[in-house]
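Subject: A structure for you to explore

Hi,

Here is the structure I promised to pass on to you. Have a look around it first, and then read my notes below.

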Amino acid sequence: MLHLRLITPVERTEDVIRLIEGTIGTAHLCVLPGAARDPAGDVVMCDVAREAGDDLLSELQRMGLDVSGSIAVEDIGLSLSKRAEKAEKDAPGEPADAVLWEHLTEATHEESTLSVTYLAFLTLATMIAASGVVLDNAILIVGAMAVGPEFGPLAGISTAAVQRRPRLALRAVTALLVGFAVAMAVTVAFSLFMDAVGLFTKERLEGERPQTGFVYAPDWFSFVVAVLAGVAGTLSLTSAKSGALVGVAISVTTVPAAANAAVALSYGDTVQTWGSTEQLLLNLFGITLAGTATLLAQKYFWAGRRERLRKRAGS
């Protein structure tokens, strides 16, 4: 269940109440006349099943409540109420399958911001992966994959494409490109330093690497895994099962490929540099393509379901 706290202009309160009462899957409607001071108005609160939340939020936005008042949404961890159980039962579908588009847009907007923290995590992950590829250490590679924050901008690109929000797309693409450019540039300098102190050597990079040689050898399996990971990662975001994102992060070769390209570039190894770059681009494309397709499938699935529900209610 979701808890909605609304601030409504006095002249719109009755319209909002009628909308809530007419929405399947709502419960616990509470109205506090004149309780709001900034902006001035009434406070309206209710609980709504997650499956019905997106429709209700969309209607509230069409009424302009996000401009003239306020819309706040919170997840309810525990609700002991027969009315809540009935609301969840009446709402179409399952809570885990529901997509809250505004929540997804807000989350990907935050994760797609080119911030110092984002750059730090991506750069540190790439440097850890650089150590992993030179040492042929799979544990370091897995650790670097888990640290890398690049799935946020990729999800942002997919969300922007489906929602047709060019500003979000531009923000996500900028974070992705600038982030990897900075991370790889710093990793080149890191590699040169490690070589100067005798910890990295060209022989190690170009020697037999059974654990990490895949990062500069892209093939169809790389693309297939990227697509599967993109689907899993997108589903984990839309269903609020964020624990699955860790598995997604350690299943795709993005940060390790960028790290290998940076180290190879520092040694002038063009074969590994281009191979790693191709691996990086292949994975980024596969994840974005799969994420966009998954969101489109969810969008049309729920649109069809809502239409069937409206027809049933009309009959």
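By salt bridge I mean a side-chain nitrogen of Lys or Arg within 4 Å of a carboxyl oxygen of Asp or Glu. Arg5 belongs to strand β1 and Glu74 to strand β4, so this pair ties together parts that are 69 residues apart in sequence. Arg5 is partly exposed, at 37% relative accessible area, and Glu74 is partly exposed too, at 43%. For these words the cut-offs are: buried is under 20% relative accessible area, exposed is over 50%, and partly exposed is in between, with a 1.4 Å probe and protein chains only.

Before you go further, please keep in mind that this is a predicted model, where local features need pLDDT of at least 70 and side-chain atom pairs count only at pLDDT 80 or more, while totals for chains, interfaces and linings use all residues. Residues are numbered from 1 along each chain as its sequence is written, and side-chain values use heavy atoms, with hydrogens and water left out.

The whole chain

The chain has 14 helices and four strands. Both are DSSP runs numbered from the N terminus: helices are H or I with at least four residues, and strands are E with at least two. Along the principal axes, the C-alpha trace spans about 75 × 40 × 35 Å. Of the 315 residues in the chain, 46% are buried. If you take the contacts with a separation of 6 or more, 79% of them are between residues 24 or more positions apart; a contact means heavy atoms within 4.5 Å. The chain exposes about 15,800 Å², and carbon and sulfur atoms supply 62% of that area. Accessible areas come from the Shrake-Rupley method with a 1.4 Å probe, and for residues only the protein chains shown count as cover.

The sheet

Two strands count as paired if DSSP finds at least two bridges between them. As background, strands of a sheet pair through backbone hydrogen bonds, either parallel or antiparallel.

Strand β1 (residues 2–8) runs antiparallel to β3 (residues 40–48), and seven bridges join them. In this pairing, Leu2 has Val48 of β3 as its bridge partner.

Thr26 stands opposite Val48 in β3. With two residues between them, β2 and β3 form a hairpin.

More salt bridges

How many salt bridges are there by this rule? The count comes to seven. One of them joins Asp15 and Arg12, whose closest N and O atoms are 3.4 Å apart. Asp15 is partly exposed at 29%, and so is Arg12 at 27%. Another joins Lys82 and Glu85, at 3.8 Å from N to O. These two are three residues apart in helix α4 (residues 82–90), which means they are separated by about one helical turn. Lys82 is exposed at 67%, whereas Glu85 is partly exposed at 45%.

A look at helix α9

Apart from its neighbours within four places in sequence, Thr187 is in contact with Thr123, Thr126, Met127, Ala130, Ala259 and Ala262. Helix α9 (residues 166–196) also holds Val178, which is partly exposed at 31%.

Enjoy exploring, and write back with any questions!
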